[in-house]
Amino acid sequence: MDQKCIDRINELYHKSQAEGLTPEEKEEQTRLRREYIEAIRRNMRANLNSISIQEEDGTITDLGKKYGGVQSE
């Protein structure tokens, strides 16, 4: 998600607090928030899948490969 979308989310939030949103703006706000949350989830999955740990015996375990990656809900 680019900064332009994040700025729009913030703009719609501030407008909703000040004067309210039209039905079209409410739909846009909902869609943008969903896209934002999905982008965060993708980023989190990628970070979790890139974790490797060193076992007590010295071997390295790639958790992303071991668990097949985190699936979406």
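1. A polar contact is a pair of N or O atoms within 3.5 Å, where, within protein, one atom must be able to donate a hydrogen and the other to accept it. Keep that in mind for Thr 59. The side chains of Thr 59 and Asp 57 are joined by such a contact, at 2.7 Å. Note that this is a predicted model.

2. Where does Thr 59 lie? Look at the loop between strand 1 (52–54) and strand 2 (60–62). Leaving aside residues up to four places away in sequence, Thr 59 touches Ile 53 and Gln 54.

3. Now step back to the whole chain. The protein has 3 helices and 2 strands. Their order from the N terminus is α-α-β-β-α.

4. Check the overall dimensions. The radius of gyration of the protein is 19 Å, whereas a compact globule of 73 residues would have one near 11 Å. Along the principal axes, the C-alpha atoms fill a box of roughly 60 × 20 × 20 Å.

5. Next, burial and surface. Of the 73 residues, 15% count as buried. The accessible surface comes to about 6,000 Å², and 49% of that belongs to carbon and sulfur atoms.

6. Last, the charges. The protein has 12 positive and 15 negative charges.

Key. Residues numbered from 1 in each chain as written. Predicted model: local features only at pLDDT ≥ 70, side-chain atom pairs only at ≥ 80, totals over all residues. Heavy atoms only, no water. Helix = DSSP H or I, 4+ residues; strand = E, 2+ residues; numbered from the N terminus. Rg over C-alpha atoms; globule rule 2.2 N^0.38 Å. Buried < 20%, exposed > 50% of the residue type's maximum accessible area, 1.4 Å probe, protein only. Areas by Shrake-Rupley, 256 points an atom, 1.4 Å probe, with all protein chains shown as cover. Lys, Arg positive; Asp, Glu negative; His and termini not counted. Charge placed at Lys NZ, Arg CZ, Asp CG, Glu CD. Contact = heavy atoms within 4.5 Å.
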